[in-house]
Amino acid sequence: MNEITLNWNEYTEAAIKTAAEGIVMLENWNNVLPLKKGSRVALFGRMQTHYYKSGTGSGGMVNVNHVTDIREGLNDCPDITLDGELMDIYDKWDSENPIDAGLGWGKEAWSQAEMPVSEELAETLASRNDTAVIIIARTAGEDRDNSAEKGAYFLSDSEEEMLANVTKAFDNTVVLLNVGNIIDMSFVTRYDIKAVLYVWQAGMIGGISVARVLSGKVNPSGCLPDTIAGSLDDYASTEYFCKDLHEDIYHDDIFVGYRYFSTFAKDDVLYPFGAGLSYTTFELKDIEFGFSKEDVVVVRVTVKNTGSVSGKKAVMLYCKAPDGKLSKPSRVLVGFTKTGTIPEGGEETVTITAPVRRFASFDDDGRTGLGSTGFVLEKGTYEFFLGSDFISAEKVGSFNLANDRMLEELGTALAPTKAFKRLIAVPNGDGTYSKGEEDTPLATVNYLETRMERVRPEIPQTGDKGIKLTDVKHGRNTMDEFVAQLTDEDLSLIIRGEGMGSPKVTIGTAAAFGGVTKELKELGIPTLCCTDGPSGMRLDSGKKAFSLPNGTCLASTFNVELVEELYSYLGIEMLSNKIDALLGPGINIHRHPLNGRNFEYFSEDPLLTGLMAVAQVKALEKHGVTPVIKHLCANNRETHRREMSSTLSSRALREIYLPAYEIAVKEGGARCIMTSYNRINDIYSANNYDQNTMILREQWGFTGLVMTDWWAYINKEVTKAEKYTLEDHSVMARSQNDVYMVCTSVEKENLLETDTFKELTEGDGTNITRAELQRNAINILNFAMNTPAMDRVEGNEVTIVHVDSPFSDDDVEVDTDVFYSMVDEVEIECKTKTSRGKDFVFGITCEKQGYYLLEFTGYSNLGELAQIPMTVYITSIPIAVITWNGTNGEIVTKSCECMMYAKNCVFRAHFPSGGVSIKKLKVKYLRSLDEAALE
């Protein structure tokens, strides 16, 4: 028997270690940190007991049994004493001012109301405590960008008052930022704050990691993955970000983040990319610089710990390319590494390598005279700078290139078709630059018109020859022989995924794909399962999973080995839940601080982003499971994300927004990618031929599977962006996007719900051909053959042995069938012991989309003054809070309405504590979506 052990203590420790290493300390005046042994601490901020473990939306919906908040983490430190009276004050105020959780999708508040802290209270606490620790917390997420408002990107008035009164009363004030992304930091200049740390959103163990750093058990070594400017208006992308609901013009071009500030506006930087303090100091010495015959810059450096405590150090290498015909930023990150723990007085020698492609420029109109568009090195001197942040890094070497060089010719795929201006750097002759503009080069080739030149010949159909997919995997038959068996119906249906909450796979997951129909399964094609990530698994059944640190926190470690170690545990956890693919990591660029999903993504820098993705790919693939790299590409805001177009140059795409994906494919071996919702230069990503075929497959050599985002828009008339549908799967498949996510049901009777079969059998080949659908099928099947689901089909399922699982009392089974079919009404007996605080999980398979009434019948043995809240979730989205009173054993009925938008919906009635026994549930159809719209 094939067994793998998942040691949850080791898993937890890996998460704590990673989260702690991701904490970024930006200020530490007078060495106020670490807190001295025996310190008495006054802990301020109502979120001390409501830690944000992640942002919102699909990337944060991980069910856990407990989140260690910052108060709990500090309380567990034997050398720190928290002020008990202040904690009692907060608890009382908190009970009288409950958290606004927000009901519905994308309805969460960016922050919560803060308890007022008077001057008198602050002074009283200062008289008996050594240090004040203040927690500022923020969230944002999918479908909900952050906002340039108080209580969002800026501090609220009550937070400002708290800071003013506390810093006035205390000599030592520490501010902790429990956030998913950077926020306005101008408050640091207004108050006497001694220490500031970004502790991010670090998952279910976040409070422990904070306590370890504040107590000195861990020496902080995190570095900023983004640049923090003095003002939101200082970011070059602010001019156009969300100004037009249907288009973002990327006027900033390649000048994103530190690339912009290093070139034009160093004085506008409060904290630069790469900044991060330690409790010790380091010296970089014995630096060796070389340029190898293999076109690789090699820097070898010895890092010495010159302080009094052990610690780690991130070392970064930047390049300044010579001025030429192409405008260039003053700094580009070309390599980085992280030391191990160096004892006081100790040393460690590290090596950073940087292939020339990392500092090449993309010539998108042939202006360098090298004959075509592509990555080039212009002649001149290439200078290299070593350190951490891009401002303080010092020059360590250079090399001179005598002639211009073309490294890779690539053409104009994905180039814009409409005119707009882009930012350029104009040399002033003294090493500084002025801002200029130029017309953006436009597309010159329509690659879609010649698509059939890149399609293999059609495979003659043979009918069923008894060949199973396992025969192909083991070399008994060829893939062509297997695909020849697929009928036109099979080809039209295999490109669809079923979800959300398909009963064909693990309950409460995002989708089933691959062997989704009876006929496809009979051919031995496994039914594959994917679920939302990336910071742990979203399981809408209520089944518990490990909640991991968010992407920004991971990137701040600058430690790819540590991230790979952590995600190897996640790979085993996925196996235990029969999950083949995790929807993440998200590797879009932090173009602007207000993007709501920045918490899921890594950085403003594509190299750091790409190498973090590589670490996750390698970790999960060790166990045969797969990350789904998303969202390809230029998905850099949430506002009107499904309608808007990212209008940008080929150069910006090639140097900023595509490299992370290319790195994940070429260096990590990524074999599954998700396209984005948005349009790219007016063409939807889901059916963008230039992106999905020309760049991804023809140029990068990607051979894996591509899927759409959920319910993605498609536009068959690519020049008319306003004409989009969810049914034109033919042009999606034509672009070589293999699977549409998602359809409510995928079986033969649903064949004509999309256009593929009709276009195939009645069309003229303009939108799709049989050869193209066979190509898509091969992409899907090659992926499916190498999954845990295929292992199960072959009887080779891996058994997971759990050691010290924190979810040992989780009674939600992976294979439990909780679905009830209904037309107009269904009654369900509740067998769950909700009186003990257990969640009541049930699934509804409905024939009609629309509004339904949920009637819960139950009782409580408590007295009638008791109040027991029950939150009702549909696919992990809270839709209602029903409050039960004690009934002294009398049966009562409580109800709420909900909208069911899919055929299969997973519900969960959650009680934070016991006290109510649900006996039965009645579900009634009320009205259609159209009828509701008329009300």
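The model is predicted, so local features need pLDDT of at least 70, side-chain atom pairs count only at pLDDT 80 or more, and totals for chains, interfaces and linings use all residues. Residues are numbered from 1 along each chain as its sequence is written, and side-chain values use heavy atoms, leaving out hydrogens and water.

**The helix pair**

- Helix H13 covers residues 560-576 and helix H14 covers residues 606-621; helices are DSSP runs (H or I, at least four residues), numbered from the N terminus.
- Their axes come within 7 Å and cross at roughly 40°; axes are lines fitted to C-alpha atoms over the stretch in contact, and angles run from 0 to 180 degrees between N-to-C directions.
- Where H13 meets H14 (heavy atoms within 4.5 Å), the H13 residues include Tyr567 and Met574, and those from H14 include Leu611 and Lys618.
- By class, this contact of H13 with H14 has ten nonpolar, three polar and two charged residues. Ala, Val, Leu, Ile, Met, Phe, Trp, Tyr, Cys and Pro count as nonpolar, Asp, Glu, Lys and Arg as charged, and the others, Gly among them, as polar.

**The second largest pocket**

- About 970 Å³ of space lies in the second largest pocket, a volume being the space filled by probe spheres set on grid points joined across faces, edges and corners.
- A pocket is an open set of points on a 1 Å grid over the protein atoms alone, where a 1.4 Å probe fits, with protein on both sides within 12 Å along at least five of seven lines; lining residues have an atom within 4 Å of a point.
- Of the 42 lining residues, Arg642, Tyr677, Trp710, Trp711 and Tyr901 are the closest to the centre of this pocket.
- Strand S34 (a DSSP run of E, at least two residues) gives the largest share of the lining, three residues.
- The lining of this pocket divides into 20 nonpolar, nine polar and 13 charged residues.
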